[in-house]
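Work through the exercises below with the structure at hand. Each task is followed by its solution.

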Amino acid sequence: MKRSDIQHMPQFFDRYILLADDIDVVEGLKQTANMYHDEAIRQAMLQLGDQVYAPGKWTAKDILQHLIDNERIMSYRAMRFARNDKTALPGYDEELFGANTTANQRSIDDLLGEFSLVRQSTIALFKSFSDEMLHREGISFNQRISPLALGFVLIGHPIHHLKVLKERYFSLI
């Protein structure tokens, strides 16, 4: 199913969904699985080290850890809703999560490896969903959202953060 098949566009999450192409959700997950493994991107993140563009901002490693954490959370939400669980799910505090990791003690390659593994799990999960399951809806972060929309959040979210890295971080090196 494609982005244009989303029946309800949730506010807040639309900023990520609309960054994705109108392609099959599994294909989109595959296409964005290795975007951070591009050698130029990887080298730029390595050169950045622990630099940030402003006080209180995340390092490149923090951003990678955030992508991993978010991937797990959104996939879990998608699974719950695909299984027809109507329990309203809370949001999460990304700043709290970011402040409680060991990302900056890990290597870029280790974080990239973990992201790849998590994304492969996400792809397998979304392959298992029927069209009916992708259209089921639940409440997450006070927004009505479907597993299909969550899949496109997972496609657009890394695109968003790569744009941030390119626009605000890579100019530091």
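**Exercise 1: an aromatic pair**

Phe 12 has a relative accessible area of 31%, which makes it partly exposed; buried means under 20%, exposed over 50% and partly exposed in between, with a 1.4 Å probe and protein chains only. The model is predicted: local features need pLDDT of at least 70, side-chain atom pairs count only at pLDDT 80 or more, and totals for chains, interfaces and linings use all residues. Residues are numbered from 1 along each chain as its sequence is written, and side-chain values use heavy atoms, without hydrogens and water.

Task: classify the ring pair of Phe 12 and Phe 13.

Solution. Rings of Phe, Tyr and Trp (its six-membered ring) pair if their centres lie within 6.5 Å; planes under 30 degrees apart are stacked, over 60 edge-to-face, the rest tilted. The whole structure holds seven aromatic pairs. For Phe 12 and Phe 13 the centres are 5.3 Å apart and the planes at 85°, so the pair is edge-to-face. Phe 13 is buried, at 2% relative accessibility. Ring pairs join Phe 12 and Phe 13 with Tyr 16 and Phe 141 in a cluster.

**Exercise 2: the span of a helix**

Task: compare the reach of H6 with its expected span.

Solution. Helices are DSSP runs (H or I, at least four residues) numbered from the N terminus, as strands are (E, at least two). The expected span is 1.5 Å times one less than the number of residues. With 20 residues, H6 reaches 28 Å from first C-alpha to last, close to the 28 Å expected. Its buried residues include Glu 114 and Arg 119.
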